[in-house]
Amino acid sequence: MEKTQKRVGVIGGVRIPFCRNNTAYADVGNFGMSVKVLGALVERFGLHGVELGEVAMGAVIKHSSEWNLAREALLSSGLAPTTPGITTARACGTSLDNTIIIANKIAAGQIEAGVAGGSDTTSDVPIVYGARLRKRLLAVNRAKTPMDKLKAATRGFSLSELKPSFPGVAEPRTGKSMGDHCEMMAKEWHISRVDQDQLALDSHRKLAAAYEAGFFDDLLVPFRGLKRDGFLRPDSTMEKLASLKPAFDKTSGQGTLTAANSTGLSDGAAALLLGSDEWAAKRGLSIQAYLLDAEVSAVDFVHGEGLLMAPTIAVPRMLARHGLTLQDFDYYEIHEAFAAQVLCTLRAWESADYCKNRLGLDAPLGSIDPAKLNVHGSSLAVGHPFAATGARVVATLAKLLEQKGSGRGLISICTAGGMGVTAILERP
């Protein structure tokens with residue numbers, strides 16, 4: 001017998017303030033931040049001792065000992081220890097991916113409720129050693145006698161073996177950083193420095209206004225003395241931003257990406273509670289919005305496509321499935337990895353050539369109303385702990401739709417590796 005697909009509700013989300021690396025959360029790590037947000041979610045929605053169908057958390061930068069961060073964190077969160085946990089990673093799209101994982105299970109009737117989220121730290125990064133030293137240490141560990149251990153430790157030893165290897169920020173296939181790739185995109189799409197700085201300034205102003213209006217009062221839990229995001233600069237001006245030097249293309253004289261219009265290295269965590277209508281009703285919980293659909297895509301950035309342009313492909317696929325246009329939304333949450341990336345995405349959707357030759361469309365998707373874009377700020381002002389951003393965005397958009405009473409919102413997140421994760425939320 002064919003089952004009817006269930007609606008998937010976003011019940012609510014919680015996050016800690018995001019902060020610059022090597023500051024407030026320098027010694028907390030992914031486990032501590034994940035426990036904090038999961039515990040806060042348990043407190044907010046009365047989930048002490050409750051068994052959920054799944055907790056899907058993620059982290060991009062993590063230690064090998066954190067192979068199942070989600071399971072370990074939930075065991076310290078107050079949830080029933082019989083709740084399963086899975087840990088994932090797709091760079092910046094990780095916790096939106098986890099939202100999709102949980103939502104698909106609820107829609108299929110496999111589970112009734114679950115948690116999606118993510119945590120990332122660039123303060124506590126795994127530092128590893130080369131293959132020769134790793135093999136040597138394993139040989140020492142296997143040796144039986146003290147003399148055998150000494151021989152294994154010293155035979156053919158070279159001081160060069162002690163050179164550590166740090167996590168890289170470059171794409172393995174190209175050797176270029178995400179910022180380097182985005183500089184190439186900015187030049188291809190003729191994105192000006194002024195437009196990038198203006199978008200960054202707007203992000204800070206919108207976030208500051210949202211804090212002043214109390215929008216984040218129930219979305220954010222104070223942690224380590226922080227009550228607001230550590231990246232927020234409400235006193236920024238175009239003059240200040242214009243004084244900064246290029247951060248990536250420093251030699252050509254044409255670099256436009258700076259520390260201000262690019263996201264900084266961040267620490268933070270966020271989590272969401274999702275459930276079916278029936279499960280929420282039984283627990284007396286209201287649903288803020290429903291996840292209508294999602295789409296993941298990828299581009300061939302190695303052979304010339306823009307590294308961060310994959311969402312431009314995913315979005316029209318979703319729109320086509322539902323007979324929607326790009327203008328049929330009340331809110332647009334486009335992750336601000338770089339101001340240039342957001343502007344390239346918007347320009348691509350406005351381009352007749354791109355929409356015809358790359359997307360296979362008869363006409364451009366068109367422009368969107370700037371007043372509906374990232375209305376409470378986004379990653380340039382908030383910060384961007386890679387695996388936490390998706391859950392932050394979903395929680396923000398769901399609350400916006402709840403406050404409006406009805407409507408539809410589009411989420412677009414670009415990721416390292418030339419991929420994009422997108423979704424549609426709606427409140428009927």
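1. Is Glu183 buried or exposed? Glu183 counts as buried, because its relative accessibility is 3% and buried means under 20%. Keep in mind that this is a predicted model.

2. Glu183 makes a salt bridge with Lys187. The closest N and O atoms of this pair are 3.2 Å apart. Both residues sit in helix α6, which covers residues 178-188. They are four residues apart there, so about one helical turn separates them. Lys187 is partly exposed, with a relative accessible area of 34%.

3. Take Asp277 and Arg7. Their side chains meet in a salt bridge, at 3.1 Å from N to O. Asp277 lies in helix α9 (residues 277-282), and Arg7 lies in the segment before β1 (9-15). The pair therefore ties together parts that are 270 residues apart in sequence. Asp277 is partly exposed, at 25% relative accessible area. Arg7 is partly exposed too, at 43%.

4. Next come Glu54 and Lys105. Their salt bridge has its closest N and O atoms 2.7 Å apart. Glu54 belongs to strand β3 (residues 54-58), while Lys105 belongs to helix α3 (residues 94-107). So this bridge ties a strand to a helix, across 51 residues of sequence. Glu54 counts as buried, at 7% relative accessibility. Lys105 is partly exposed, with a relative accessible area of 24%.

5. Some salt bridges join up. Which residues are linked in a network of salt bridges? They are Asp293, Glu295, Arg317 and Arg321. Find these four residues in the structure and trace the links between their side chains.

6. Now look at a pair of helices. Helix α10 covers residues 311-322, and helix α11 covers residues 339-350. Their axes come within 10 Å and cross at roughly 50°. An angle under 35 degrees would count as roughly parallel, and 65 to 115 as roughly perpendicular. The two helices are therefore oblique to each other. The crossing of α10 past α11 is right-handed.

7. The surface has a nonpolar patch. Phe157, Leu159 and Leu162 form this patch. Together they have about 310 Å² of accessible area. Where is Leu159 found? Leu159 is in the loop between α5 (146-154) and β7 (164-165). Leu159 is exposed, because its relative accessible area is 67% and exposed means over 50%.

8. Most residues other than glycine have a negative phi. Asn22 is not a glycine, yet its phi is positive, at about 60°. Asn22 sits in the loop between β2 (19-20) and α1. Asn22 counts as exposed, at 53% relative accessibility. His190 is the second case, with a positive phi near 55°. His190 is placed in the loop between α6 and α7 (193-212). At 65% relative accessibility, His190 counts as exposed.

9. Val37 is placed in helix α1 (residues 29-45). Val37 counts as buried, at 0% relative accessibility.

10. Finish with Thr237. Thr237 is placed in the loop between α7 and α8 (238-242). Thr237 is partly exposed, with a relative accessible area of 25%. Thr237 and Ala116 are 121 residues apart in sequence. In space they are 36 Å apart, C-alpha to C-alpha.

Methods
Residues numbered from 1 in each chain as written. Predicted model: local features only at pLDDT ≥ 70, side-chain atom pairs only at ≥ 80, totals over all residues. Heavy atoms only, no water. Patch = residues over 30% accessible without salt bridge, like charges linked within 9 Å, V, L, I, M, F, W, Y side chains within 5 Å. Areas by Shrake-Rupley, 256 points an atom, 1.4 Å probe, with all protein chains shown as cover. Buried < 20%, exposed > 50% of the residue type's maximum accessible area, 1.4 Å probe, protein only. Axes fitted to C-alpha atoms, helices over the stretch in contact; angles between N-to-C directions. Parallel < 35°, antiparallel > 145°, perpendicular 65-115°, else oblique. Left-handed = near helix turned anticlockwise from the far one by under 90°.
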